[in-house]
Amino acid sequence: MKPFIDADELWEILNETKSDKQAVREVIAKSLDKKRLTLRETAVLINANDPELIEEIKEGARELKKRVYGNRIVLFAPLYVGNKCTNNCKYCGFRASNKEAIRKTLSDQELVQEVEALEDNGQKRLILVYGEHPEYSADYIAHTVRTVYGVKKGPGEIRRVNINAAPLEIEDFRKVKEAGIGTYQIFQETYHPEAYKNYHLGGKKRNFEYRLTALDRAQEAGIDDVGIGALFGLYDWRYEVLGLVRHTNHLEACYHVGPHTISFPRIQNASKLDLGTDYTVNDEDFARLVAILRLAVPYTGMILTARENPGLRHEVIQFGVSQIDGGTKLELGSYSNSINEAQDLNREQFQINDNRSLNEIIEELFENDYLPSFCTACYRLGRTGEHFMEFSVPGFIKRFCSPNAMLTLAEYLEDYAPANTKQRGWEVIDKNLSDLQQYPDAVNINELRNRLERVRAGERDIYF
């Protein structure tokens, strides 16, 4: 629970590390052996500017994704619960100084309506999002989590609730954990202390070190699934990538488990956005940094959100992304009212650039040979934190992840999919079953077929 970022150290590594073909290829080979990279090895990849080497880095990331995650893509949806905020962050539409922002906190009834609408679309995994405000205490967050888990509409239910909220004290993290949350996300935004001060003008979030050590307190409270992230566009992307790897190193050294997920959102338009363009990350560099992160942290999930447009999401997924959102709406109350087709930035934290429905995104995943998944089995069977890392070895994907992805996809096809999606989806499942038979460490195929037939017959929530 001590600060661990030394900006001079990170810049020294970046400035002194040399990158040539041999060094880059050796680092890629180490990563493909599923070994996490050091800061200097990550810097070798960052400093590789030769187009040929950049393509080799991307190809390495593609291959590593296949080896560690197979062709699965886990789907989720964000649900904003309240946008009141006491912080004053220059990049955020919810910042306290923005008098044009329309503030709202969902009532319990509105929260239930939102969850019912999400369940009607087939969602099983949510991330609840809150501003930093005295109203959104640990007790309140825990209450909303329990409310969400209690909503059952038809065959629908939410099986995993993740959290994106303010840093808490250890006792408050314990309260939230007791509500049964999955991952607790806290993004540092930028790992550069001086840049951080420039963007965070007021509120508790202005304290760089308190935010930096927040997930240590979560771990101390027993939350062993945590998510980190940097907001790209606030500072040099090369430095931020090293900052994320440094954070990963710190968590592994102190708690024997790295972050469950890494997010890499880019700055998007927001109400009263007040930023320059000095650190804008273009699409080419964005794809590159995603590939580098995949190689640097082989077993960490990577989240790509609807901030990005469909074309870029299609490209970047292949470089190591394991989770995406679908059917995303950011305006509070908009899932149940369907009022978010034309975005009102005064009601949202930032602009999204992929407003496709969940089913449209699933159809595209089918077209590109991905296996959509709503699986929550590891979370509910205790395969989290250090235990998850123990399972993340060769064979894990074939024994648990791919079969559970098929079972949850089958639920979606039977309960929510249009007829053409349903037909295509079962073809995808059959293909993945055939592929699975090639692996000696795969789950028992006959048992998996039996469980899939049980789903067709109406049974739900079956998993390995």
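Which way do H12 and H13 cross, left-handed or right-handed? H12 passes H13 in a right-handed crossing, where right-handed means that the near helix is turned clockwise from the far one by less than a right angle, and left-handed means anticlockwise. Before going on, note that this is a predicted model, so local features need pLDDT of at least 70 and side-chain atom pairs count only at pLDDT 80 or more, while totals for chains, interfaces and linings use all residues. Residues are numbered from 1 along each chain as its sequence is written, and side-chain values use heavy atoms, with hydrogens and water left out.

**Helix pairs**

- Two packed helices are described by the angle between their axes and the distance between the axes.
- Helices (H or I, at least four residues) and strands (E, at least two) are DSSP runs numbered from the N terminus.
- Take H12 (residues 283–296) and H13 (residues 310–317): their axes come within 10 Å and cross at roughly 30°, with axes fitted to C-alpha atoms, for helices over the stretch in contact, and angles running from 0 to 180 degrees between N-to-C directions.
- On the H12 side, Asp283, Phe286, Ala287 and Val290 meet Leu312, Glu315 and Val316 of H13 (contact means heavy atoms within 4.5 Å).
- That contact has 5 nonpolar, no polar and 2 charged residues; here Ala, Val, Leu, Ile, Met, Phe, Trp, Tyr, Cys and Pro count as nonpolar, Asp, Glu, Lys and Arg as charged, and the others, Gly among them, as polar.
- Next up are H3 (residues 39–46) and H11 (residues 237–255), whose axes come within 10 Å and cross at roughly 155°.
- H3 and H11 are therefore roughly antiparallel to each other (angles over 145 degrees count as roughly antiparallel, under 35 as roughly parallel, 65 to 115 as roughly perpendicular and the rest as oblique).
- The H3–H11 crossing is right-handed, and Leu39, Thr42, Ala43 and Ile46 of H3 meet residues of H11 including Trp237, Val241 and Asn249.
- Sorted by class, the contact of H3 with H11 holds 7 nonpolar, 2 polar and 2 charged residues.
- Further along, the axes of H19 (residues 419–436) and H20 (residues 445–456) come within 11 Å and cross at roughly 165°, which makes H19 roughly antiparallel to H20.
- Trp426, Ile429, Leu433 and Leu436 of H19 make this contact with Ile445, Leu448, Arg449, Leu452 and Arg456 of H20, a set of 7 nonpolar, no polar and 2 charged residues.

**Cavities**

- The model has 6 cavities of 30 Å³ or more. On a 1 Å grid over the protein atoms alone, a cavity is a set of points where a 1.4 Å probe fits but cannot get out, and lining residues have an atom within 4 Å of a point. Grid points are joined across faces, edges and corners, and a volume is the space filled by probe spheres set on the points.
- The largest cavity holds about 700 Å³ of space, and of its 38 lining residues the closest to the centre are Tyr80, Val129, Asn164, Gln349 and Phe350.
- Strand S1 (72–82) and strand S2 (125–130) are the elements giving two or more residues to that lining, which divides into 22 nonpolar, 9 polar and 7 charged residues.
- The second largest cavity comes to about 90 Å³, and S2 gives the largest share of its lining, 3 residues.

How values were computed
On a 1 Å grid over the protein atoms alone, a cavity is a set of points where a 1.4 Å probe fits but cannot get out, and a pocket is an open set with protein on both sides within 12 Å along at least five of seven lines; lining residues have an atom within 4 Å of a point.
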